[in-house]
Amino acid sequence: YEPSWESLIQHPVPEWFKDAKFGIYFHWGPYSVPAFGNEWYPRNMYRKGFKRQGKDYFEHHLKTYGPQDEFGYKDFIPYFLFISACLILSSINSSL
């Protein structure tokens with residue numbers, strides 16, 4: 001493949017993908033809950049003094065959720081599962 005739309009269009013779409021009703025790609029995970037920065041949030045929230053694109057993940061987490069040792073990345077997982085379940089249920093409900 002070449003880095004162009006013309007080349008990409010030639011790529012065949014798998015049959016299973018054409019018939020997919022609902023999908024969540026890899027870029028959606030528990031780091032979507034804080035919705036701050038990017039998918040590197042789980043790493044950068046523990047890096048005191050580290051800034052990426054002018055954003056201080058450590059300080060943001062501290063001010064928003066409290067100390068990392070009291071509310072760590074693992075604590076986002078229940079929220080992510082709840083949001084995921086709501087999206088799935090609403091998509092099922094809307095197709096009825």
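Helices (H or I, at least four residues) and strands (E, at least two) are DSSP runs, numbered from the N terminus. The model described here is predicted: local features need pLDDT of at least 70, side-chain atom pairs count only at pLDDT 80 or more, and totals for chains, interfaces and linings use all residues. Residues are numbered from 1 along each chain as its sequence is written, and side-chain values use heavy atoms, with hydrogens and water left out.

## Overall architecture

The chain has five helices and two strands. Along the sequence they follow the pattern α-α-α-β-β-α-α. Confidence is expressed as pLDDT, the predictor's score for each residue from 0 to 100. The chain mean is 86, and 89% of residues reach 70 or more. Among the elements, helix α4 (residues 57–65) has the highest mean pLDDT, 97. Helix α2 (residues 15–18) has the lowest, 78.

Of the 96 residues of the chain, 22% count as buried. Accessible areas come from the Shrake-Rupley method with a 1.4 Å probe; for residues, only the protein chains shown count as cover. The chain exposes about 7,700 Å². Carbon and sulfur atoms supply 62% of that area.

A contact means heavy atoms within 4.5 Å. Among contacts between residues at least 6 apart in sequence, 41% join residues at least 24 apart.

## Helix α5

Helix α5 spans residues 77–94 and includes Y79. Y79 counts as partly exposed because its relative accessibility is 49%. Together with F82, I83 and L87, Y79 forms a nonpolar patch on the surface. The four residues have about 410 Å² of accessible area together. Patches are made of residues with over 30% relative accessible area and no salt bridge; like charges are joined within 9 Å, and nonpolar side chains (Val, Leu, Ile, Met, Phe, Trp, Tyr) within 5 Å.

S84 also has its place in helix α5. S84 is buried, because its relative accessible area is 10%. The side chain of S84 reaches the backbone oxygen of F80 at 2.8 Å. That is a polar contact, a pair of N or O atoms within 3.5 Å; within protein, one must be able to donate a hydrogen and the other to accept it, and residues adjacent in sequence count only if both atoms are side-chain atoms.

## The salt bridge

Side chains of opposite charge can pair when their charged atoms come close. A salt bridge is a side-chain nitrogen of Lys or Arg within 4 Å of a carboxyl oxygen of Asp or Glu. A search of the whole structure finds one. K74 pairs with D75, and the closest N and O atoms are 3.1 Å apart. K74 is exposed, with a relative accessible area of 57%.

## The loop between α4 and α5

Q68 is found in the loop between α4 and α5. Q68 counts as buried, at 9% relative accessibility. A polar atom of the Q68 side chain lies 2.7 Å from the backbone oxygen of M45. Leaving aside residues up to four places away in sequence, Q68 touches M45, Y46, F58, H61 and L62.

D69 lies in the loop between α4 and α5. D69 is exposed, with a relative accessible area of 70%. D69 and Y46 are 23 residues apart in sequence, yet 9.4 Å apart in space, C-alpha to C-alpha.

## Other loop positions

K48 sits in the loop between α3 and β1. The C-alpha atoms of K48 and F58 are separated by 5.4 Å, with the two residues 10 apart along the chain.

Most residues other than glycine have a negative phi, and most peptide bonds are trans. A35 has a positive phi of about 50° although it is not a glycine. Q53 likewise has a positive phi of about 50° without being a glycine.

| Residue | Loop | Relative accessible area |
|---|---|---|
| A35 | between α2 and α3 (41–44) | 65% |
| K48 | between α3 and β1 | 66% |
| Q53 | between β1 (51–52) and β2 (55–56) | 71% |
| D69 | between α4 and α5 | 70% |

Terms used. Buried < 20%, exposed > 50% of the residue type's maximum accessible area, 1.4 Å probe, protein only.
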